[in-house]
Amino acid sequence: MAHVGLTHFLILSAILFSLGIYAIVVRKNAIMVMMGIELVLNSANINFIAFSHFGNYGISGQIVSLVVIILAAAEAAVALAIVLNLFKTYSHINVDEVNKLKE
Amino acid sequence: MSFPILTLITFVPVVGMVAILFLKKGQDNAVRYTALTATAIQLVLAIIMLFAFDFTKAGILDASTFQFVEKARWITIPNVSWIGTIKIDYFVGVDGLSILMVFLSAFVSFIATLSSWNIKKMVKGYFMLFLLLDAAMMGVFVSLDFFLFYVFWEIMLLPMYFLIGIWGGPRKEYAAIKFFIYTLFGSIFILLTMIALYFSATETVNGIQLHTFNLIELTKASAYSATGILSPQNPNNWRMIAYIFLFIGFAIKIPMFPFHTWLPDAHVEAPTPISVILAGVLLKMGTYGILRISYPIFPEITRELAWYIGLFGVINIIYGALVALAQKDFKKLIAYSSISHMGYVLLGMATLSVTGITGAIFQMFNHGTITAMLFLIVGVIYDRAHTRGIYEFGGLANKMPVYTGIVTIAFFAAIGLPGLSGFISESLVFIGGFGSTVTRTLTIVGLLGILLGAAYMLWTLQRIYFGKFNEKWSFMEDLTPREYLMFVPLAIVVIYLGVQPGLAIDFMNTSVKTFVHFLNTAAF
Amino acid sequence: MELYDIIFYLVALMVVVSAAIVVGSKNIVRAAYSLLFTFLGVAGIYILLGADFIGVTQLMVYVGGILILLLFGIMLTNKVYSVDIRRENAYIIPSIVIVGIFAAFLIFVMTETNWVTADPTFPNTTVFELGKTLLVHYSIIFEILAIVLLIALIGAATLARNDNKER
Amino acid sequence: MPGSNLITLSLIILFLPLIGFITVLLFGKRFSKLYNFEIGILSANLLLTLYVAYEKLFVFANQKIAMDATWFSFGNIPGIGQLNIDLGIELTNITVMMLFVVNLISFLVHIYSTEYMKGDSRFSRYYSYLGIFTFSMLGIVLTDNFLMLYIFWELVGLSSYLLIGFWYEKDSAANAGKKAFLVNRVGDMGMWLGILILFTNYHTFKFDTIFAQIGLGNIPFGSEAWLTAAGILLFMGAVGKSAQFPLHVWLPDAMEGPTPVSALIHAATMVAAGVYMLTKIFVILSADALTVIALVGAFTSFLAASIAITQNDIKKVLAYSTVSQLGYMVMAVGVGAYTFAFFHLVTHAFFKALLFLGSGSVIHAMHHEQDMRQMGGLRKKMPITYYTFLTATLAISGIPLFSGFLSKDGLLAGTYAFGLLTGHWTVAIFGFVVAFMTAFYMFRLVIMTFHGEPRNKEKYDHAHETPKAMTIPLITLAVLSIWIWYTPNPFNPEAGWFYNKMEVKTTVVPQDMRFNFMKTEAPEHETAEAEKTTAETHETVESEQVEGTTRVMHSEMYEHAMHEAHLPTMIWSILLAGLGILFAYIIYQWKKISADELAKKWPWLYKFSLNKWYVDEFYDKTFIGGTLEFSRWLSIFDNKVVDGIVNGAATLTRGVSAVSGWFDTYVVDGLVNFTAFFSGVLGFGLKKIQNGKVQSYVLVVVLSLILLFVMFLPFF
């Protein structure tokens, strides 16, 4: 086994990404979907930082990931508010059954 | 050309339709009476035609012996680049083959209008479409120009589609679309043959040779140019293929096994009056088309394929009866019995003998009246009970004695009991069929039909009208005066033609004899 | 094998396992708690990558903020605490297959690509560098982020408020 | 024109009942007494018939009176010539005799029914049905062509259907009516085919023209097989209508109808129509066809008689007895003794109608109890019914001094002579065995019903002699069952006027297709003339000399054999009938031994025999036991196999139709639906992708990414 390098981190982020996607696709519960999104965001962050670390690009990657973290926080806040409203309207938060716009 | 009675009889319903168009929305009764008036005028005109009809004129092959002929140039497009001049005539006339059909469609339309009285949904639209259908049917039976025939044939599809699709039962959309597509499928074959015939044959008008749709000209071997695709001199089998195409087109309408599956669905879903029209008139258009178009234009192919036509006739008889025996839905049973009865028509046509073809045409007429009665009978209990399951009834005879009496007449007419019209036509078909060496074996097999027919009819009679009375239906009333008015004329015709069949046979006798002679001798 | 490697593998294992639990757990609360470990592990990864500030931020924002928010969401939206939430869509099998294939491709690409890398450097602290870069080079982004965050918070508050608009 | 008024009168006789039918059917509900109109019509008919019969038999004795009218015409068809479909009637001696029989019995049944059907909710309907039956039966009798024969043949089928199912609330009655109609249709199919063969060859339906053509050697399609086939197919009609094996199954069931109807239709007239038709077409039956007919008749008579022995329902016994006697007549036609077949038809009509009306009287008195085991001892309560019933029983058993003896003896002599001439003794043996069985079961019936002690005291106490409207018809018929009306010499039917009034017809089939005793040296010349006269007659009356006035049946050889057969037949038949009666008395009257052990021994026969079987010690146990076992076996055979074939055929047909229905729905229809289904699936699948769920969109994005990967894969 080689020395831990860029590839290892990338693989980790790939796994995390896939798991996140899986959660987004499969779960019905809106909060679970959100968790999947967080996983995806995290895996992206890992990528940014890993590249910036191994690519010797200085600090820029970290800044991007910082932005992502902040946006994630904002996203989580808004999304949870939406989920709460959904719950008020439907008394459940199953995303596949929320299809009023379709009809 | 004197009084344009055929134009009148064809377009009176259209006039009625326009009149209805100008009525206000709420005036349902006015709409109904307008439609009734239109069909009544049509019926009166048809009866006048019957009286004015000359028995000695044959028609069929000779334009001069057609009666009530009207002929006018309809569409003329001069000098189309590679086709030449296109000429389509408005050419109508009646002979022994069609006179009974004209009367039948006027008669059945009138009865169907009466039975439409309790259509409550979109009355105006219903009767407008109904009258359009009526006009188109009449047009098919009087056209002597292939193009005109085809136009009427297609026009008829449209109102039928809506009448089933809007006023039908639970699966109306399915039935309507099935009917429409199936028939349209057949029409394509007819269209192909029509165009092929058009380019193969010519007619001399004012000294100029023009391609023609004229059905009478097309029966003449001399009309075909040697190079035409359907020319008798063409060594290829194109004429055979064209014949089969045409036959398939008409067979779907008959409907002939294995093209019959649209019929039960359409019947079951259609409202009662539309079933009456469908079984009473529309099915006849298939066999009429074969007699009017396929037979005289391709007599040599007809002779060659007669056995197969008879074979399909017998299959229809036996198959329809067997399937009918297994039905639990009253209307479906009647629908299959129609298939069985149309088999007799095919068998009769296949004999190419005077008795057989007379029997076939007479059977067309009788089936029209008898099946109209049968569907009205189904309509009566469906109106009251809103179900058609054979097993759900029982013992209605005591509750509705007059109705049961009518049912007995209609059922026994369908079985072919002597004294009622069905017997004569079936017997003539059998006489003709056995007399012809081509169809002798087929006829022997076909005889099974009279046994099977009796079996399913009597069994149905027993299940619905005899046995223990089901208290569930104790609210059911006997016939209303309007229903009397529907049944009594039909019953009178059925009984009268059973006792005095000569009345109907005289109308077609001259024509049929000429026709049969031509079919058996024409050298193409 | 160096200590660095060992730590990486341990942390990576924790991340993957806990993330898998998040994804596959029947119980939403358990999923949320597993997510905590995922976030912790990711923070560890950041630190391993020499991004100590980001790691700490990750801990604070994710673990301290988002996760708590999520837990609030769970508490507020599930009538019964331990309700069985495993009510997936019908296409779980195709999803596993597709995502599996996707992951395989992803890993394949990651491993096969010939990345241009330099020797990594480990600065003592990144906070100073970050602060400087943020306020010098990316100041507009910084401001915009602040506004976005503000708007998001106000919006979230407005949305989540138990309003009686229809009075 | 001689006899033209007879034709007019015959037409009036024919159409009066039709008028009665229509009137009573349409207005019967409004005027409850209208049935009297129908009865009036029948009495008028009877009087007219008496006049016509007298005129025909004694004034125009040897002339045939006929009339034809064109029903409809096809005009002159090339290749065939003038094709007219004619209807017509003819009066021969046999015709008027039959006319009289039908009208008389119909009249008596009308009278009888006023009392029997009293209080029925559809009383008027009943009379209108009787009217249409009489009309159609008279049509069969009077016709001179096959088409009209077939038409009225079907119409009696209809009226029989209506009357059997008269109490249609009962499922058994409705079923029986349907069964009767359908079983008859099977026979009619064959008959119609036979008619088609003849029409195809001769382009006419008229009897005389067809017979004349065949007499000229112009046989159908020039083939002997076709002639034989035509004969057998026409016979199929008789098999159906006269309830011959294998189509006899409907007749016992037909007893579901009212009893007077059974008397009129299912005993005396309609079922005899088959035999009547056979006497009409006898001249074109070839030796092969006749052999078939004889065997079928013999077998039927035997089958039915052996079943009748085990029945307990009084009407069932009579029904099987009717089948059996009809088998006799058919058999007699088959062996060439068709005059005696007709003779027996007439005598049987009277005494069998009497038996049914008598049983109706009993049933009426016992309040619709039909089980003989509930009867007994009615002799004292119902003397008139008893003595008339006994007369009829003696007649059917073939006891001298009664009418049945004359005809039965004659036809048995016919079978005997047939045996002498051809060496085929099977038919004769069947005939004699059945004679014995007939006597046996008829006396069993009489004894169980009228003799002994009453078994059901309660019902017995309520029983009483029936009113005059019912007893007068019984007495009339009983009087007609005495020999004196037919011949002065009770031992020689040929000495009487009745036998001598029947026309003797000579067969017209080619010589080499005849039995040897029917062969004649000189070909008939009269036939050519006959053909000419029947060619084109519109509304005219014609009369002609009936052929063969010498009264020699078939040939001198046959006459000789008949004389030779006369004495042994008489001795044997009296002996056998006496033996049958003796058996019945021994078993049922004197009750020597109980048959309970037998019933226990064969429990599977138990339901047929129940516990009324008695065995006489003095007689051979095996003989009785063998007969019983055989009869039980035949009863099962009848129930399971013969009836089972009919039922099985129905089931099979239903099965086949279910299968073809399935085929229709799933295969034929399925092909059509598949096209629509395919495009539907396509649309459905595409629709699923656009479902508005973000999650599936994500999945699609992932999928697309995978595709992208795949596309770029070659660059790795």
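Reader: Let's start in chain B. How are α12(B) and α19(B) oriented to each other?

Author: They're oblique. One thing to keep in mind is that this is a predicted model. The axes of α12(B), residues 354-385, and α19(B), residues 502-521, cross at roughly 135° and come within 9 Å. Since angles over 145 would count as roughly antiparallel, this pair is therefore classed as oblique.

Reader: And which hand does the crossing of α12(B) and α19(B) have, left or right?

Author: Right-handed.

Reader: Which residues meet there, α12(B) against α19(B)?

Author: From α12(B) you have Val354(B), Ile357(B), Thr358(B), Ile361(B), Phe362(B) and Phe365(B). They meet Ala504(B), Ile505(B), Met508(B), Val512(B), Lys513(B), Phe515(B) and Val516(B) of α19(B). Sorted by class, that contact has eleven nonpolar residues, one polar and one charged.

Reader: OK, next pair. How do α1(B) and α4(B) lie relative to each other?

Author: Roughly antiparallel. Their axes cross at roughly 170° and come within 9 Å, with α1(B) covering residues 5-21 and α4(B) residues 123-142. The angle is over 145, so the pair counts as roughly antiparallel. Here the crossing is left-handed.

Reader: What's in the α1(B) and α4(B) contact?

Author: Among the α1(B) residues are Leu6(B), Ile9(B), Phe11(B), Val14(B) and Met17(B). The α4(B) side includes Phe127(B), Met128(B), Leu131(B), Asp134(B) and Met138(B). By class, the contact comes to 15 nonpolar, three polar and two charged residues.

Reader: How about α15(B) with α18(B), at what angle do they cross?

Author: Roughly 50°, with the axes coming within 6 Å. Angles under 35 degrees would be roughly parallel, so α15(B) and α18(B) end up oblique to each other. Ser421(B), Phe423(B) and Ile424(B) of α15(B) make the contact with Val494(B), Leu497(B) and Gly498(B) of α18(B). That's four nonpolar and two polar residues, and no charged ones.

Reader: Switching to loops. Where does Phe469(B) sit?

Author: In the loop between α17(B), residues 448-465, and α18(B), residues 481-499.

Reader: Is Phe469(B) exposed, or partly exposed?

Author: Partly exposed, because there are 16 other C-beta atoms within 10 Å of Phe469(B), while it would take 20 or more to call a residue buried.

Reader: What does Phe469(B) touch, leaving out residues up to four places away in sequence?

Author: Gly394(B), Gly395(B), Asn398(B) and Lys399(B). Also, the C-alpha atoms of Phe469(B) and Phe393(B) are 7.7 Å apart, although 76 residues separate them in sequence.

Reader: What about the hydrophobic side of things, how many residues are in the largest nonpolar core?

Author: 446 residues. The ones with the most contacts inside that core are Ala410(B), Val275(D), Ala332(D), Ala341(D) and Ala353(D). Beyond its neighbours within four places in sequence, Ala410(B) is in contact with Ile370(B), Met373(B), Leu374(B) and Ile377(B). There's a second, separate core of 81 residues, which includes Ile24(A), Leu41(A), Phe48(A) and Leu106(C).

Reader: Now the interfaces. Which pair of chains has the most contacts?

Author: Chains A and C, out of four pairs that touch. In that interface, 65 residues of chain C are in contact with 60 of chain A. On the chain C side, α3(C) gives the most, with twelve residues. By class, that side has 47 nonpolar, 14 polar and four charged residues.

Reader: Last one: how far apart are the nearest C-alpha atoms of chains A and B?

Author: 23 Å, and those chains do not touch. Chains B and C do not touch either, with their nearest C-alpha atoms 31 Å apart.

Notes:
Residues are numbered from 1 along each chain as its sequence is written. Chains are lettered from A and ligands numbered from 1 in the order in which they are written. This is a predicted model: local features need pLDDT of at least 70, side-chain atom pairs count only at pLDDT 80 or more; totals for chains, interfaces and linings use all residues. Axes are lines fitted to C-alpha atoms, for helices over the stretch in contact, and angles run from 0 to 180 degrees between N-to-C directions. Helices (H or I, at least four residues) and strands (E, at least two) are DSSP runs, numbered from the N terminus. Angles under 35 degrees count as roughly parallel, over 145 as roughly antiparallel, 65 to 115 as roughly perpendicular and the rest as oblique. A crossing is left-handed if the near helix is turned anticlockwise from the far one by less than a right angle, and right-handed if clockwise. Two residues are in contact if their C-beta atoms, placed from the backbone, lie within 7 Å. Ala, Val, Leu, Ile, Met, Phe, Trp, Tyr, Cys and Pro count as nonpolar, Asp, Glu, Lys and Arg as charged, and the others, Gly among them, as polar. A nonpolar core is a set of buried Ala, Val, Leu, Ile, Met, Phe, Trp, Tyr and Cys residues joined through C-beta atoms within 7 Å. A residue is buried if 20 or more other C-beta atoms lie within 10 Å of its own, exposed if 12 or fewer, and partly exposed in between; C-beta atoms are placed from the backbone.
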